Amino acid sequence: MLVRPYRPHQDFRALLDAQCDLYQINFPRFVCTSSFLADQAQRLRVAGRRPLENGIFILDDNGTIAGFVWVAVRMDLQGAYGSVDQVYLWPPYRRQGLGELLMDAAHQFIVQHGLTTARLYVTADNQDAVRLYQRSGYQITRYEMERPMPPAPGR
Ligand SMILES: CC(C)(COP(=O)(O)OP(=O)(O)OC[C@H]1O[C@@H](n2cnc3c(N)ncnc32)[C@H](O)[C@@H]1OP(=O)(O)O)[C@@H](O)C(=O)NCCC(=O)NCCS
């Protein structure tokens with residue numbers, strides 16, 4: 001098992017295939033459409049052409065892709081930071097401590113880019129991911145809150 005850089009020609013299809021599952025796990029009302037997949041394919045193509053701003057690392061199990069992490073250099077009102085956008089293990093590889101290898105690769109990329117903050121978003125219900133991130137040193141800095149609303153009268 002090793003972590004290696006993304007090779008677009010070899011890995012593109014597998015990463016695209018993981019997108020529906022990744023979003024369905026994290027957004028319960030999400031519907032995976034062909035236009036969503038086309039957008040993700042485009043994002044992935046652009047990221048593959050911009051390795052200075054995008055670190056994509058593959059967890060490679062003897063030639064089989066076990067997982068990947070995608071981290072991007074971003075800027076907001078507080079300055080530049082490393083954004084851990086996607087962390088994904090294929091189901092047989094989950095719950096074995098392998099997520100940590102992906103997080104380490106993301107953090108190395110962030111440090112090598114001279115950035116002093118790593119940031120990510122996670123759905124509160126996704127407890128496997130929340131625990132991985134807490135073990136990896138992440139703390140809650142903002143809450144995104146929502147409440148269900150009653151239907152409009154007459155609907
Ligand atoms: C989120 C995700 C990457 C986390 O991966 P994971 O395999 O659960 O996390 P880890 O690799 O850190 O595994 C740790 C768990 O495996 C257990 N484990 C079993 N054997 C282990 C070993 N040899 N070493 C370390 N941990 C081990 C640990 O006890 C731990 O369980 P706990 O969280 O209940 O304490 C993975 O669940 C996943 O790909 N999910 C789908 C995609 C997703 O939701 N991504 C996040 C988007 S924000």
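Colleague: Which residue in β3 does leucine 59 stand opposite?

Modeller: In this predicted model, leucine 59 faces glycine 67 of β3. That pair belongs to the antiparallel pairing of strand β2 (residues 54-61) with strand β3 (residues 64-76), which runs over eight bridges.

Colleague: What connects β2 and β3, and which residue there takes a positive phi?

Modeller: The two strands form a hairpin with two residues between them, and asparagine 62 has a positive phi near 55°.

Colleague: How should I think about side chains along a strand, and in which sense do β3 and β4 pair?

Modeller: As a general idea, side chains in a regular strand alternate between the two faces of the sheet. In the present case, β3 pairs with β4 in the antiparallel sense, over ten bridges. Valine 71 stands opposite valine 84 in β4. Here too there is a hairpin, with two residues between β3 and β4.

Colleague: Turning to the ligand, which residues come nearest?

Modeller: The shell around the ligand holds 19 residues, of which Leu89, Arg95, Gly97, Gly99 and Ala129 come nearest. The elements giving two or more residues to this shell are α1 (8-26), β4 (79-89), α3 (99-112) and α4 (127-135).

Colleague: Which element supplies the largest share of the shell?

Modeller: Helix α4 does, with four residues.

Colleague: How many residues of the shell are nonpolar, polar and charged?

Modeller: By class, nine are nonpolar, five are polar and five are charged.

Key
Residues numbered from 1 in each chain as written. Predicted model: local features only at pLDDT ≥ 70, side-chain atom pairs only at ≥ 80, totals over all residues. Near = placed C-beta within 6 Å. Nonpolar A, V, L, I, M, F, W, Y, C, P; charged D, E, K, R; others polar. Pairing = 2+ DSSP bridges.
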